[in-house]
Each structure stands twice: as C-alpha cells, then as structure tokens.
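Work through these exercises with the sequence and the 3D structure in view. Try each task before reading its solution.

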Amino acid sequence: MPQKTITTRTVVTPHGPVTYQLERKAVKNLNLRVRRDGSVYLSAGRRVPVAQLDAFVVQKAGFVHRAIRQFRELERQRPAPRQYLAGERLALLGRELRLEVSQGAPEGVTVEGDAMKLRLRDPEDASRRERLVERFLDEQCRQLFPRILEEVYPPFRELGVAFPALRLRRMKSRWGSCLVGKGVVTLNKGLLAAPRGCIEYVAVHELCHFLHPDHSQEFYQLLSRMMPDWKARRELLNRGVPGAGS
C-alpha cells in the first residue's frame, strides 16, 4: 500500500496568506478542514496537480480565515483553568452546575439539581479536589458514551458496519476520530459538557466514516440520512462548550 505523504504549502490570497498541510492519499475529492488549533489541512489524490490544489485553497480562503477567527474567538472565551473551588461553574450535558465543596466522609461527588456537590476530608487539598471531580466526570463518560454509541449504531449494522470498539480520551483539536482499519471510534471526554444530542452527532459522524473514510459528498449524504438535523447539532457544539476544555 502506498505511504501517505504530507507536505506544508503557503499560498497568497486576497484575504491574506494561507499555510496548509497537504496529505496525498487515495481519495477522489479535495477535502479541506480547519482544525480547532487554527491549522489548515487538505487531503487530495496523488495525481492532482499542485497548481490545482493551491487554486482550490485560494478559492476557499474566505472560509478558512473566517473559521480561524471563530476558533480564536472561542479560545479567548475559554474559561480560566479550574481550581475546583466552591462557586465555580462546571458544564455537564449542556447544563451549568455550581460546585459546592464541603468537609466530610465518605468522599465523593454527587449532582443534585443545579449543584455538583464535592465532599472530601480536607477541602483545602487542591489536588484531591481535582482528582475527585475528574474521576466522577470520567465515570460519567464511561457510563454514557458506550450507551449512546449503542443507541445510534443499529442503522449502521444494516449497512454491514461491525460494532466498533470505543476509546475515550481528551483531544485538543477534534471531538472524535475513527480508525476504520482497526474498527475503533474515539470520543473526546470533553463532549460530556455538551448536550446529549451533540454527543450523538459526533458518534454518528464517526460511524459514517466506516462507509466513507473521507468527507466526500457521499459521506455527507449518508450523514444527512442517518441524522437529518446534524447541522443544527454541529452548530450547537461549535458555539463552544462551557467548561469542556479542548
């Protein structure tokens, strides 16, 4: 199998220069993506002339610069690092919860109404506060994300897609990823802050990649068939998830 090749190119456009990563691989269409970190990625077939690729990026430069500005604005709006102190706001499934910290045992975290209640022996122990809350959130991911994947999977089974293995981790630039050859879907733990419908959207998006590994027209046709309102869910997710991190 031919190896993928990745090069970096810069083009001058009416909107300003655009530097992009070009990956050559076995795809039929030109697929342009702006990542959350502001980097620009283009995948293309191995025989497409470089001049055609540069011209394509120039044509899309307005979109590229708008997306970069939007991501930078989201970055500026990113909340300060968590201290896990009483009164902080934490997002869980689209709800903003107020953190309440108290001394006591057994140690643990519960959610009651609009409050996330953290109980520990020493409320002044900052590292312990963080560990308890993060352990609670990780457990929520382990319980919820597999259930969501199971719920959205049945239509894909009818198309011959085997049920994938699920991995959970924090990712800086993507909400999810798919390893088609290994049958693995990875979901970003930060999705736990988003409404449930957004998590469902990312899961369906990644499942579609088992049938269309690229972001071709056929991919989006399948995505629209599986989830007709996916654009609204993506827009909600891209507005920024409070407290989600990267």
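**Exercise 1. In which order do the 3 strands of the open sheet with β9, β10 and β11 lie?**

Step 1. The order is β9-β11-β10, with mixed pairing. Strands here are DSSP runs of E with at least two residues, helices are runs of H or I with at least four, and both are numbered from the N terminus. Two strands pair if DSSP finds at least two bridges between them.

Step 2. Find the edges. β9 (165-169) and β10 (176-179) each pair on one side only.

Step 3. Check one pair. β10 and β11 (residues 184-188) are antiparallel, with 4 bridges. Ser 177 has Thr 186 in β11 as its bridge partner.

A note on the source: this is a predicted model, in which local features need pLDDT of at least 70 and side-chain atom pairs count only at pLDDT 80 or more, while totals for chains, interfaces and linings use all residues. Residues are numbered from 1 along each chain as its sequence is written, and side-chain values use heavy atoms, with hydrogens and water left out.

**Exercise 2. How do α3 and α5 cross, and which residues meet?**

Step 1. Locate the helices: α3 covers residues 126-152 and α5 covers residues 196-208. Their axes come within 9 Å and cross at roughly 60°.

Step 2. Classify the angle. That makes α3 oblique to α5. Angles under 35 degrees count as roughly parallel, over 145 as roughly antiparallel, 65 to 115 as roughly perpendicular and the rest as oblique.

Step 3. The crossing is right-handed. Right-handed means that the near helix is turned clockwise from the far one by less than a right angle; left-handed means anticlockwise.

Step 4. List contacts. Among the α3 residues are Leu 144, Phe 145 and Ile 148; the α5 residues they meet include Ile 199, Ala 203 and Leu 207.

**Exercise 3. Where does α7 meet α5?**

Step 1. The axes of α5 and α7 come within 9 Å and cross at roughly 115°. The two helices are therefore roughly perpendicular to each other.

Step 2. This crossing is left-handed.

Step 3. The α5 side includes Gly 197, Cys 198 and Tyr 201, and the α7 side includes Trp 230, Arg 233 and Leu 237.

**Exercise 4. What is the strand order of the open sheet of 4 strands?**

Step 1. The order is β1-β2-β4-β3, and the pairing is mixed. β1 (5-11) and β3 (31-34) are the edge strands. The twist averages 25° from one strand to the next.

Step 2. β3 and β4 (residues 40-44) run antiparallel, joined by 4 bridges. Leu 32 stands opposite Leu 42 in β4.

Step 3. α1 (residues 50-59) lies across β1, β2 (18-24), β3 and β4, at about 135° to β2.

**Exercise 5. Which residues of α2 are buried, and what do they pack against?**

Step 1. Buried means under 20% relative accessible area, exposed over 50%, partly exposed in between (1.4 Å probe, protein chains only). The buried residues include Val 64, His 65, Ile 68 and Phe 71.

Step 2. The buried residues of α2 pack against β2, β3, β4, α1 and α7 (230-238).

**Exercise 6. Which strands pair with β6?**

Step 1. β5 (residues 89-92) pairs antiparallel with β6 (residues 95-103) over 4 bridges. Leu 92 has Arg 95 as its bridge partner.

Step 2. β6 and β8 (residues 115-120) run parallel, with 6 bridges. Glu 100 is partnered by Lys 117 in β8.

Notes:
Axes are lines fitted to C-alpha atoms, for helices over the stretch in contact, and angles run from 0 to 180 degrees between N-to-C directions. Contact means heavy atoms within 4.5 Å.
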